[in-house]
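This report sets out the structure shown below for a reader new to it. The sections treat strand pairing, the sheet, the helices and selected loop residues in turn.

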Amino acid sequence: MTISVESQTESQTESQTESKAGSQPGNGVGSQGGGQVADEVLRAHAEDAFAEELAALAAQDDRPRPARWCMSPWAVATYLLGGTLPDGTVISPKYVGPRRIVEVAVTTLATDRALLLLGVPGTAKTWVSEHLAAAVSGDSTLLVQGTAGTPEEAIRYGWNYAQLLANGPSRDALVPSPVMRAMAEGMTARVEELTRIPADVQDTLITILSEKTLPIPELGQEVQAVRGFNLIATANDRDRGVNDLSSALRRRFNTVVLPLPASVEDEVDIVSRRVDQVGRALELPSAPDGMDEIRRVVTVFRELRDGVTADGRTKVKSPSGTLSTAEAISVVTNGLALSAHFGDGVLRPSDVAAGILGAVVRDPAADRVVWQEYLEAVVRERDGWKDFYRACREVSA
């Protein structure tokens, strides 16, 4: 017997519908509901933060759309990569990287295979996952956050124990997971940090992804996925050996590897865009000439990450940390806050030095040696970096 979970999700769906409607331009209501004003939300969901772009794309999208998709695969790719629409609307890029990677990811979601975004920490896996779900389903909130303590109920379903004890197992007592809701409503579910989830809980996904059904043995029923359902999972390369995916589960995914930014220019562009977005949300003033310091932070991170200077002449040791693009964004954002609240509003080397030290020196013994050698062998001798060298020496003392 097939069960619909509409009765369990009706109030949630109505709440989301009102919230999404409220997030359209002009009415100033955020997706968090409760009459919250959008300006008060620290971090809006992708479908709310970029509602105007999504609406413009959907309005001008005349290409075929898969069942229950908000727009065509071409429009989804355009939303992620950016572009200019025929009416002149500019779509900002959400992901800076090879176009083919995005096209393969979007195409996967249009098939019956799930999508696994794989890469080292800080390669925008979660960011891409969220924006894909927002563009495809108009809702990026059907999310399971993977941790070592993630239970099976987070992927399958749970129970309202008050009703369960009073009336026994019933549809009213069943609490659907985000994955179950996505199956019933033909939407995109997300599972973050899949390899952090215990192996036995991971394998709960096998039946869901292969048979497109979720059994409920307590009721002798099941939930069958409707057209439009798919799942996006993310995992870190560095997590290999934590809870490796079984071969049976891995076969259910099409794996797309998200690389680190290919060039300094790409990474500077990513960092500057995200810092600007985060800075606006935190009401930080834009820093004049901040690009010089952003380029400096990116250069330091890339050289330590690659083990060689940008000109290829000097080999350097790499620290234990990942020094990802996401960490570079955090360093610059923190520097902006320092310059705004304790400086003259101009982003300077002294504002980013402490943040870089914290990002590089994770192991106080080994990493501190790596950092000191880099300062003396590279930073000290580089033209135009004297202020940065002095600032780093001061915070490293």
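## Strand 7 and its partners

Strand 7 and strand 10 (residues 230-236) run parallel and are joined by four bridges. Within this pairing, Arg-190 has Ile-232 of strand 10 as its bridge partner. Strand 7 also pairs in the parallel sense with strand 4 (residues 143-145), here over three bridges. Arg-190 takes part in this pairing too, as the bridge partner of Leu-143. These descriptions refer to a predicted model.

How many of the residues of strand 7 (residues 188-192) are buried? Five of its five residues are buried, and the strand is mostly covered. In a regular strand, side chains alternate between the two faces of the sheet. In strand 7, Thr-188, Arg-190 and Glu-192 lie on one side, while Ala-189 and Val-191 lie on the other. Both faces are covered, and all of these residues are buried.

Strand 3 (residues 114-119) runs parallel to strand 11, and five bridges join the two. In this pairing, Leu-116 stands opposite Thr-255 of strand 11.

## Helix 4 against helix 6

Two packed helices are described by the angle between their axes and the distance between the axes. The axes of helix 4 and helix 6 cross at roughly 140° and come within 10 Å. This angle makes helix 4 oblique to helix 6. Their crossing is right-handed.

Helix 4 contributes Val-76, Tyr-79 and Leu-80 to the contact, and helix 6 contributes Val-128, His-131, Leu-132, Ala-135 and Val-136. By class, the contact of helix 4 with helix 6 has seven nonpolar residues, one polar residue and no charged residues.

## Helix 12 against helix 14

At what angle do helix 12 and helix 14 pack? Helix 12 (residues 264-281) and helix 14 (residues 325-342) pack at about 50°, and their axes are 9 Å apart. Helix 12 is therefore oblique to helix 14. The crossing of helix 12 and helix 14 is right-handed.

On the side of helix 12, the residues in contact are Glu-267, Ile-270, Val-271, Arg-274, Val-275 and Val-278. They meet Thr-325, Ala-328, Ile-329, Val-332, Thr-333 and Leu-336 of helix 14. By class, the contact of helix 12 with helix 14 has eight nonpolar, two polar and two charged residues. An α-helix has 3.6 residues a turn, so residues three or four places apart point the same way.

## Burial of helix 3

Helix 3 (residues 51-60) has Ala-51, Glu-53, Leu-54, Ala-56 and Leu-57 buried. The elements that cover the buried residues of helix 3 include helix 2 (46-49), helix 4 (73-81), strand 2 (90-91) and helix 6 (125-137).

## Selected loop residues

Is Thr-309 buried or exposed? Thr-309 is buried, with a relative accessible area of 5%. This residue lies in the loop between helix 13 (290-306) and helix 14. Leaving aside residues up to four places away in sequence, Thr-309 touches Glu-303, Thr-314, Val-316, Val-378 and Arg-382.

Arg-68, in the loop between helix 3 and helix 4, has a positive phi of about 65° although it is not a glycine. Ala-124, which is likewise not a glycine, has a positive phi of about 70°. Ala-124 lies in the loop between strand 3 and helix 6, and it is partly exposed, with a relative accessible area of 26%.

## The protein as a whole

The secondary structure comes to 17 helices and 11 strands. Of the 397 residues in the protein, 47% are buried. Among contacts with a separation of 6 or more, 71% are between residues 24 or more positions apart.

Conventions. Residues are numbered from 1 along each chain as its sequence is written. This is a predicted model: local features need pLDDT of at least 70, side-chain atom pairs count only at pLDDT 80 or more; totals for chains, interfaces and linings use all residues. Side-chain values use heavy atoms; hydrogens and water are left out. Axes are lines fitted to C-alpha atoms, for helices over the stretch in contact, and angles run from 0 to 180 degrees between N-to-C directions. Angles under 35 degrees count as roughly parallel, over 145 as roughly antiparallel, 65 to 115 as roughly perpendicular and the rest as oblique. A crossing is left-handed if the near helix is turned anticlockwise from the far one by less than a right angle, and right-handed if clockwise. Contact means heavy atoms within 4.5 Å. Ala, Val, Leu, Ile, Met, Phe, Trp, Tyr, Cys and Pro count as nonpolar, Asp, Glu, Lys and Arg as charged, and the others, Gly among them, as polar. Buried means under 20% relative accessible area, exposed over 50%, partly exposed in between (1.4 Å probe, protein chains only). Two strands pair if DSSP finds at least two bridges between them.
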